[in-house]
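Subject: Structure handover

Hello,

Here is the structure I promised to pass on. Please open it beside this message and follow along.

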Amino acid sequence: MMDNFTPGPFAAELAAAGVPEEMHDWLGQHGVGALVVKMGIHFLEMSPERTVGTMPVEGNTQVAGILHGGAHVVLAETLGSFAAGMHAGPKRQALGIDVSATHHRAITKGTVTGTCTSIHLGRTITTHEIVMTDEQGRRLSTARITNLIRDIAE
């Protein structure tokens, strides 16, 4: 159990990832996850209805030098899962049960921005659409994630 005065073991990781301080109590004992750190994902906005984050292309490319399709999906699933987790609330968790992506345009350098928007926020199921764009606002990919919301077994 954490209080609002003692930083959790992942306080520095959360701050580096752009997680607002009011969410540190929720994530302080777990952080943002090793993959989020490795991919360089940085959060700009966080709410169940809209979560926005960025990710560098550099370090996340495939052999042809373009952003790996799986990197698009990692960004999408990260944003959608965090949004679903915020919707789930205390003592509940979001578990991804379906994710799909359509890739529209390749990118070789710069930063990708993912904008996650809720489609459905129910008691047991959430669905979000995530649009990835380049620095010029051009759509790179569109993804959709559905999460199951369930109580955390104690």
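Start with the sheet. Six strands make an open sheet, in the order β1-β2-β4-β5-β6-β3, and the pairing is antiparallel. β1 (42–45) and β3 (92–103) are at the edges with a single partner strand each, so one side of each has no neighbour in the sheet. On average, neighbouring strands are turned by 25° against each other, direction ignored.

Before going on, some ground rules. This is a predicted model: local features need pLDDT of at least 70, side-chain atom pairs count only at pLDDT 80 or more, and totals for chains, interfaces and linings use all residues. Residues are numbered from 1 along each chain as its sequence is written, and side-chain values use heavy atoms, with hydrogens and water left out.

Two terms you need now. Helices (H or I, at least four residues) and strands (E, at least two) are DSSP runs, numbered from the N terminus. Two strands pair if DSSP finds at least two bridges between them. Strands of a sheet pair through backbone hydrogen bonds, either parallel or antiparallel.

**Strand by strand**

β1 and β2 run antiparallel and are joined by three bridges. Glu45 has Val52 in β2 as its bridge partner. Next, strand β2 (residues 50–56) meets strand β4 (residues 111–121) through seven bridges, again antiparallel. Thr54 stands opposite Thr113 in β4. Thr113 also stands opposite Thr133 in β5. β4 and strand β5 (residues 125–133) pair over eight bridges in the antiparallel sense. A hairpin of three residues joins β4 to β5.

**The helix across the sheet**

Helix α4 (residues 69–88) has 20 residues, which at 1.5 Å a residue should span 28 Å; its end C-alpha atoms are 28 Å apart, so the two agree. The expected span is 1.5 Å times one less than the number of residues. α4 lies across β1, β2, β3, β4, β5 and β6 (139–151), and runs at about 40° to β6. Contact here means heavy atoms within 4.5 Å. Axes are lines fitted to C-alpha atoms, for helices over the stretch in contact, and angles run from 0 to 180 degrees between N-to-C directions.

How many residues of α4 are buried? The count is 14 of its 20 residues, so the helix is mostly covered. Buried means under 20% relative accessible area, exposed over 50%, and partly exposed in between (1.4 Å probe, protein chains only). Just after α4, Gly89 takes a positive phi of about 85°.

**Aromatic rings**

A search of the whole structure finds two aromatic pairs. Trp26 and Phe82 form an edge-to-face pair, 6.3 Å centre to centre with 80° between the planes. This pair links distant parts of the chain: Trp26 is in helix α2 (residues 24–27) and Phe82 in helix α4, 56 residues apart. Phe43 and Phe82 have ring centres 4.9 Å apart and planes at 55°, so this pair is tilted. Phe43 is in strand β1 and Phe82 in helix α4, 39 residues apart.

The cut-offs: rings of Phe, Tyr and Trp (its six-membered ring) pair if their centres lie within 6.5 Å; planes under 30 degrees apart count as stacked, over 60 as edge-to-face, and the rest as tilted.

Together, ring pairs link Trp26, Phe43 and Phe82 into a cluster. Are they buried or exposed? Phe82 is buried, at 11% relative accessible area. Phe43 is buried too, at 2%. Trp26 counts as partly exposed, at 38% relative accessibility.

**Two residues to look at**

Glu129 lies in strand β5. At 33% relative accessibility, Glu129 counts as partly exposed. Beyond its neighbours within four places in sequence, Glu129 is in contact with several residues, including Thr115, Thr117 and Arg144. Glu129 and Ile145 are 16 residues apart in sequence, and 6.7 Å apart in space, C-alpha to C-alpha.

Asp134 lies in the loop between β5 and β6. Asp134 is buried, with a relative accessible area of 6%. Its side chain reaches the backbone nitrogen of Gln136 at 2.9 Å. A polar contact of 2.6 Å joins the side chains of Asp134 and Arg138. A polar contact is a pair of N or O atoms within 3.5 Å; within protein, one must be able to donate a hydrogen and the other to accept it, and residues adjacent in sequence count only if both atoms are side-chain atoms.

Best wishes
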